[in-house]
Amino acid sequence: MTKPPASAQTAALAAGLTDRIELMQTFVRIVEAGSLSAAASQLGMTQPTISRRLQALERSLGVRLLQRSTHAMKLTDDGERCYERAKDLLAGWDEFESDLRGARLQAEGALRVVVPHAFGQKQLIGPLTEFMRRHPRVMVEWLLHDRAADFISQGIDCAIQVGEVHDPSVVAIHLAEVPRMTVAAPSLLAGRPLPQHPADLAALPWIAIPAFYRREVTLTHARSGEQKHISFRPQLVTDSLYALRNTAIEGMGVAVGSSWILAEDVAAGRLVQLLPEWEPAPLPVSLLYPYARFYPARLRHFIDTMKEAMPGAVRGAVGWDALARRKTPPGQED
């Protein structure tokens, strides 16, 4: 049997390495996107193609990486190890490619980031300053917008978004989920019976924030999982989380907002958490950036910083769930 020439062997090895890198990239995208369908949408592929790639990687490694059911996906122990190692291997491969291109590995240059207005003024300042201390040669443009980022026309490198991501043209990395609570001012509740059931909330005035709810909300019972839909006509509509909080404190209406911004007011008695066992759904937080063949070191390091910091940032400086939840407003104690 004729032995293939050395050049053919090298090409075959390179092709095999490239295939495995692509399989690992697909696996990492599946984990970070949260599902095969989301990964397929982000990569511009079909879900069967993504599934075949996952199966090919599992066959090549000889292990099961994911446990899947109709409604859930969970990493196996081998999958957890593979995910962490795959991220390291892919980062090393990116640096190798950068080196071959003559790119500098140290993070430097300008980074334009779009962040939600309230979140970007408070909860993300700590992670931002930590990133800049680690990478002093990066100049960050920190742009506060609640609207969707226009990556191309505005030259945006990445964006942090609270809420569902519906744009299949961008990479979306799920970072965390923001807990929310339902609140009202003691002045609004004075002289009224305290709500005992979600249906009781419909009769109260409401403040709406259209990015997340306008005329209805859904509450889920923490223990039973029972869901109740509440329809209402808002008295005030605002696009600002700070305005939502401040007008709620003034007694303008019931509000559903991020726990990190409301917890201190509940603890101080400025607001009352209504129906603590009936929870609004948490909001996903994602980091978005456009597809590219190569990503600069400054963007990769920023993504790593946000992935590390975001779980703490969404909960706020005060552990809201550790606070004593006020069920009775001042003046209505037994």
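Among contacts (heavy atoms within 4.5 Å) between residues at least 6 apart in sequence, 74% join residues at least 24 apart. The model is predicted: local features need pLDDT of at least 70, side-chain atom pairs count only at pLDDT 80 or more, and totals for chains, interfaces and linings use all residues. Residues are numbered from 1 along each chain as its sequence is written, and side-chain values use heavy atoms, with hydrogens and water left out.

The chain holds ten helices and 15 strands; these are DSSP runs numbered from the N terminus, helices being H or I of at least four residues and strands E of at least two. Of its 334 residues, 42% are buried. Buried means under 20% relative accessible area, exposed over 50%, and partly exposed in between, with a 1.4 Å probe and protein chains only. The accessible surface is about 17,700 Å², and carbon and sulfur atoms account for 52% of this; areas come from the Shrake-Rupley method with a 1.4 Å probe, and for residues only the protein chains shown count as cover.

A nonpolar core is a set of buried Ala, Val, Leu, Ile, Met, Phe, Trp, Tyr and Cys residues joined through side-chain atoms within 4.5 Å. Two cores are listed here.

| Core | Residues in core | Members include |
|---|---|---|
| Largest | 65 residues | Leu124, Trp206, Tyr213, Val285, Leu287, Phe302, Met310 |
| Second, separate | 21 residues | Ile21, Leu23, Val28, Leu54 |

The members named for the largest core are those with the most contacts inside it. Leaving aside neighbours within four places in sequence, Val285 is in contact with residues including Phe119, Ile160, Ile173, Leu175, Met310 and Val314.

Helix α3 (residues 47-61) has 15 residues and should span 21 Å at 1.5 Å a residue, which agrees with its end C-alpha atoms being 21 Å apart. The expected span is 1.5 Å times one less than the number of residues. Ile50, Ser51, Leu54, Leu57 and Glu58 are the buried residues of α3. Seen down the helix axis, they fall within an arc of 125°, so they line one face of α3; the arc is that of the directions from the helix axis to the C-beta atoms. Arg52 and Arg59, on the other side of α3, are exposed.

Leu275 lies in the loop between β13 (272-273) and β14 (278-280), and is buried, with a relative accessible area of 10%.
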